[in-house]
Structure formats: structure tokens, C-alpha cells
Amino acid sequence: PVLTGKQSSPEAVAAAAPSAAPPAMAAPAASMPALAASGPPRVKIPGFTGQPLRSVVAEAANLGLQVRVYGTGSATEQAPAPGTMVPAGTTVVVRFQP
């Protein structure tokens with residue numbers, strides 16, 4: 001309703017005002033289904049072959065991965081294979097040779 005100079009009573013103002021309660025648009029968050037499975041995020045295992053030990057450890061840490069190191073020098077083998085999707089926190093086994 002549009003207010004005019006003649007409608008100044010509290011009832012007229014209340015009738016013209018928008019309702020205090022917004023219309024229901026969505027279910028409460030507690031009743032909504034989860035959008036993703038619970039658990040740590042998944043990350044893609046990079047290829048470590050040829051990289052020095054320090055670089056492997058730093059890159060893995062940046063991705064949220066653990067590293068089990070065998071040897072020293074440059075990476076020659078790894079498991080899981082590059083490109084594998086794993087949960088963050090997974091341990092990658094990497095073999096190094098001088």
C-alpha cells in the first residue's frame with residue numbers, strides 16, 4: 001500500500017511496512033545434505049623423479065603430503081605414481097640415489 005497524508009495511524013504504517021519475517025527460501029543448514037564427503041581434501045601426487053631431496057620434501061609439504069625418504073641425492077622412484085589422487089596427509093615413498 002502507498003501512504004498518503006491521510007494515512008498516519010499506526011495501523012496504516014504497519015500495513016505499509018514490509019513484514020519483519022523474510023519469506024522462507026531455503027532449508028536450515030542443519031537439514032541440508034553435505035556437498036562433499038567428509039575427510040581431508042584430495043591432492044594430486046606430483047612427479048618427483050630427478051628432483052633433489054630438499055625440493056621433494058618442500059613440494060610435498062606444500063601439498064600436505066608426507067614423505068618417507070630412502071637414500072640421498074635425486075629422486076629415482078616413487079609410490080604412489082605421479083598423477084594419483086590421494087587424501088592430504090598421505091605418505092609418499094621416494095627412493096633417492098646420488
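**View 1. The salt bridge between arginine 95 and glutamate 77.** A search of the whole structure, which is a predicted model, finds 1 salt bridge, a term for a side-chain nitrogen of Lys or Arg within 4 Å of a carboxyl oxygen of Asp or Glu. The side chains of arginine 95 and glutamate 77 meet in it, at 3.7 Å from N to O. The pair links distant parts of the chain, since arginine 95 belongs to strand E5 and glutamate 77 to strand E3, 18 residues apart; helices (H or I, at least four residues) and strands (E, at least two) are DSSP runs, numbered from the N terminus. Arginine 95 is partly exposed at 40% relative accessibility, and glutamate 77 is partly exposed with a relative accessible area of 46%, where buried means under 20% relative accessible area, exposed over 50%, and partly exposed in between (1.4 Å probe, protein chains only). Side chains of opposite charge can pair when their charged atoms come close.

**View 2. Strand E5 and its partners.** Two strands pair if DSSP finds at least two bridges between them. Strand E2 (residues 66-70) pairs with E5 in the parallel sense over 5 bridges, and E3 pairs with E5 in the antiparallel sense over 5 bridges. Valine 93 in E5 has arginine 68 opposite it, and alanine 79 also stands opposite valine 93.

**View 3. The largest nonpolar core.** This core has 11 residues, including Val43, Ile45, Phe48, Val56 and Leu65; a nonpolar core is a set of buried Ala, Val, Leu, Ile, Met, Phe, Trp, Tyr and Cys residues joined through side-chain atoms within 4.5 Å. Helix H2 (53-63) and strand E5 (91-97) are the elements that give two or more residues to this core, and the largest share, 3 residues, comes from E5.

**View 4. The surroundings of glutamine 78.** Glutamine 78, in strand E3 (residues 74-79), is buried, with a relative accessible area of 16%. Its side chain reaches the backbone oxygen of proline 46 at 3.0 Å, a polar contact being a pair of N or O atoms within 3.5 Å; within protein, one must be able to donate a hydrogen and the other to accept it, and residues adjacent in sequence count only if both atoms are side-chain atoms.

**Notes.** Residues are numbered from 1 along each chain as its sequence is written, and side-chain values use heavy atoms, with hydrogens and water left out. In this predicted model, local features need pLDDT of at least 70 and side-chain atom pairs count only at pLDDT 80 or more, whereas totals for chains, interfaces and linings use all residues.

Methods
Contact means heavy atoms within 4.5 Å. Lists of a residue's contacts leave out its neighbours within four places in sequence.
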